[in-house]
Amino acid sequence: MAWLGVDLHTNSFTVCRREADGTQALATYSLAAADLDRFCATLDADDELALEATGNSAWFAEQVRCCVGRVVVVNPGQFMVIRKSVAKTDRNDARALALFLEKDMLPATRLKSRAESELASLTQTRDLLVKQRTRLLNKIHALHNRHGIKLKKEGLSSRRALERLDIARFSKLEQVELAIVRDQALNLTAAIRELDREIEAAASAMAGFEGLTSICGIGPRSAAVFL
């Protein structure tokens, strides 16, 4: 049995293999199929492996899980040994992970399932689009306010209100600006509605959805975020 610390990057990973007698071996692999297979061939069924949670850690864990006895994905916000190291290198990070894995002192984080990850990404994209639309609506409001025209920001959130905007009263340049901003806001509104449908459909197929939506005040989108 051995304990392996993996310092994972987008194109490569560095491994420290710590044996029961305290000896260590270090190696670096490219994150390519051939090198990943070569790395998996060095693993034993009772080995334990640790890596920090990053953008591709869930994918990497899936690739090696069948080759080892245990995979620990570490919460980097709680593992200060690496974050605040004065000699931070790939090799030192891998050594620290292997050492603390052997002592069973690593703060593990829960990995999302593939369905949960995809749903989380979808809700994050919706949030991004909503913020972009809000900035555009604020711009429309500011252009009207510049001319002493009072608009309610809340009213601009509806498609009908945007389509009925009277931009003829503005200068030529302002009309161009308003038309472009309005059209972009309308496109974002349509995209957000499509995302809402997909989010609700994906979330409703997951365990726990009905229980969450049965709570007063929690709708499909909130339930999706919780899931």
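Predicted model: local features only at pLDDT ≥ 70, side-chain atom pairs only at ≥ 80, totals over all residues.
Residues are numbered from 1 along each chain as its sequence is written, and side-chain values use heavy atoms, with hydrogens and water left out.

Let's start with the sheet. Five strands form an open, mixed sheet, and the order is β3-β2-β1-β4-β5. Strands here are DSSP runs of E with at least two residues, helices are runs of H or I with at least four, and both are numbered from the N terminus. Two strands pair if DSSP finds at least two bridges between them. At the edges sit β3 (24-30) and β5, each pairing on one side only. On average, neighbouring strands are turned by 20° against each other, direction ignored.

Now walk across it with me. β1 (residues 2-8) and β2 (residues 12-19) run antiparallel, joined by seven bridges; if you want a landmark, A2 has E19 as its bridge partner in β2. Look for E48 opposite R70, and for L51 with V73 as its partner in β5.

So what do β4, helix α2 and β5 make together? They make a right-handed β-α-β unit, with α2 covering residues 57-64. Right-handed means that, with the strands pointing away from you, the path from the first strand over the helix to the second runs clockwise.

How enclosed is β4 (residues 48-52)? Five of its five residues are buried, so the rest of the structure largely encloses it. Buried is under 20% relative accessible area, exposed is over 50%, and partly exposed is in between, using a 1.4 Å probe and protein chains only. In a regular strand the side chains alternate between the two faces of the sheet. Here both faces are covered: E48, A50 and E52 are buried on one side, L49 and L51 on the other. For β5, four of the five residues are buried, so that strand is largely enclosed too.

On to the helices. α5 (residues 114-146) and α7 (residues 172-204) pack at about 155°, with their axes 9 Å apart. The axes are lines fitted to C-alpha atoms over the stretch in contact, and angles run from 0 to 180 degrees between N-to-C directions. That makes the two roughly antiparallel; the cut-offs are under 35 degrees for roughly parallel, over 145 for roughly antiparallel, 65 to 115 for roughly perpendicular, and oblique for the rest. By class, their contact has 18 nonpolar, six polar and nine charged residues. Nonpolar is Ala, Val, Leu, Ile, Met, Phe, Trp, Tyr, Cys and Pro, charged is Asp, Glu, Lys and Arg, and the others, Gly among them, are polar.

Last, two loop residues. I149 lies between α5 and α6 (159-163), and at 18% relative accessibility I149 counts as buried. D104, in the loop between α4 (90-102) and α5, is exposed at 53%. Most residues other than glycine have a negative phi, but D104 has a positive one, near 55°.
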